[in-house]
There are 2 protein chains.
Amino acid sequence: MSLYQRIKEDLLRGRFAPGQVLKQTELAELYDVSRIPVRDAVQQLKSEGWLTGHGKRGVAVPRFDPLEVEDLYLMRMRLEPLLQTLAAPQLNAETLGRARDILDRMDADPTLPAAEIGALNWAFHACLYKAAARPTLFATVEQLHRQCERYIGYQSRSLDYQRTSQREHYAILDALQRGDSETAASLLEQHVAAAGQQLAEFLRARCD
Amino acid sequence: MSLYQRIKEDLLRGRFAPGQVLKQTELAELYDVSRIPVRDAVQQLKSEGWLTGHGKRGVAVPRFDPLEVEDLYLMRMRLEPLLQTLAAPQLNAETLGRARDILDRMDADPTLPAAEIGALNWAFHACLYKAAARPTLFATVEQLHRQCERYIGYQSRSLDYQRTSQREHYAILDALQRGDSETAASLLEQHVAAAGQQLAEFLRARCD
DNA sequence: CCCTATAAAAATGTATACATTTTATAAAAG
DNA sequence: CTTTTATAAAATGTATACATTTTTATAGGG
């Protein structure tokens, strides 16, 4: 497992307090490597929002920022329906089948850990998005999703919301299957919006 | 000047052929530094689209890809009007004045080099966007703009298009000044679309 | 008592050296 | 002659050592 992944895991699990300043030396000692790989990992983490520059020296663990979440979901609301619409004409039975399999897998086991749910959730959408064959647009959407991961983290979604979310997933898939990409796009926009609101609520309750 | 900037400059000026594979060792020798700073610069350049991974080893100078341009401008068309709309209520006379100054400066000297024109063009929009005080959204828009830079490069805009572009800039600014942010957003969307089409045309003429 | 300037300490940036991994080359077997 | 495998070469990853920059602590002057 790469150092990048190890640090990200620890950030996700809240091993480092928000606001905490991390020095290259500390991290190198902590993970028992030299500062060179630390530099690489830190730079990548910075570019993905897991760490933020802290003046001229060092990096800091970013605090949870409701405004950042709002921005991320506003952008996803505009870009994801676009990407899905571009993908719609390219969807074939095989791709649609794989997407449905993912949804079924999420429903199959109600004890799935939050991290797994999150991974499957993205796998479903990504499966559809990839069909568009638009690497640049996909890369940006994926990056936005990664930035959201920091907030979603180990949030245990309520079973209630999970049911709603799955209903929306199936509705989107059904619309795509019958070739109604406009409806699918509009459903997706609402779906992203709802996810954003759900997350904002969770953050308010947690950070108040 | 940082190594990152130096390499970017050389990529912009076409010193490296598209498709060419660059080795850390080569770059280190070429710029007369060790491989450590090369690694840092290359990683950053990769994250901004100036270089692309080349399998497991080395990085390559990306070829010009019309589809990438289309994606970038599609995204900008959706995100920039959003950001400008969020900024609109926060705009004061001082900010609007600075924006107008930038436009006037672009008009003042018709012999301005292409790079300067591009910088002022972004300065105008960024000046308005910053007023929104939405760092995350701004950062993404800025990154998209940076990715476009590779294509805009040293494209010498036709004076004809430059005049059209300036007319659109003033129209946007006027709409904002009279508080009509909806019109301003719609003008901006068209403005970005026009810039994208202009660039696509330029690439068609240059590449095939 | 506060401010400034200077020196010490700490953190980051970079070079060199070494280790590991990948790719290319060449030899041998089919 | 082609394919496979073993060896060599090359490129990247990482550790250590050194240089530079920034921060902090301290002493002196106002």
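Me: Before we start, where do the domain bounds come from?
Reply: They come from an automatic or database domain assignment. Keep in mind too that this is a predicted model.

Me: Okay! Which domains does chain A get?
Reply: Chain A is split into domain 1, covering 3-60, and domain 2, covering 66-207.

Me: And how far apart are their C-alpha centres?
Reply: The C-alpha centres of domain 1 of chain A and domain 2 of chain A are 28 Å apart. The contact between these two domains draws five residues from domain 1 and five residues from domain 2.

Me: What classes are on the domain 1 side of that?
Reply: On the side of domain 1 of chain A that touches domain 2, there are two nonpolar residues, one polar and two charged.

Me: Switching to the two chains: how many residues of chain A are in contact with chain B?
Reply: 19 residues of chain A are in contact with 19 residues of chain B.

Me: Which element of chain A gives the most there?
Reply: That's H4(A), with nine residues. Helices H3 (35-47) and H7 (135-152) of chain A also give two or more residues each. By class, the chain A side has eight nonpolar, five polar and six charged residues.

Notes:
Residues numbered from 1 in each chain as written. Chains lettered and ligands numbered in written order. Predicted model: local features only at pLDDT ≥ 70, side-chain atom pairs only at ≥ 80, totals over all residues. Contact = placed C-beta atoms within 7 Å. Nonpolar A, V, L, I, M, F, W, Y, C, P; charged D, E, K, R; others polar. Helix = DSSP H or I, 4+ residues; strand = E, 2+ residues; numbered from the N terminus.
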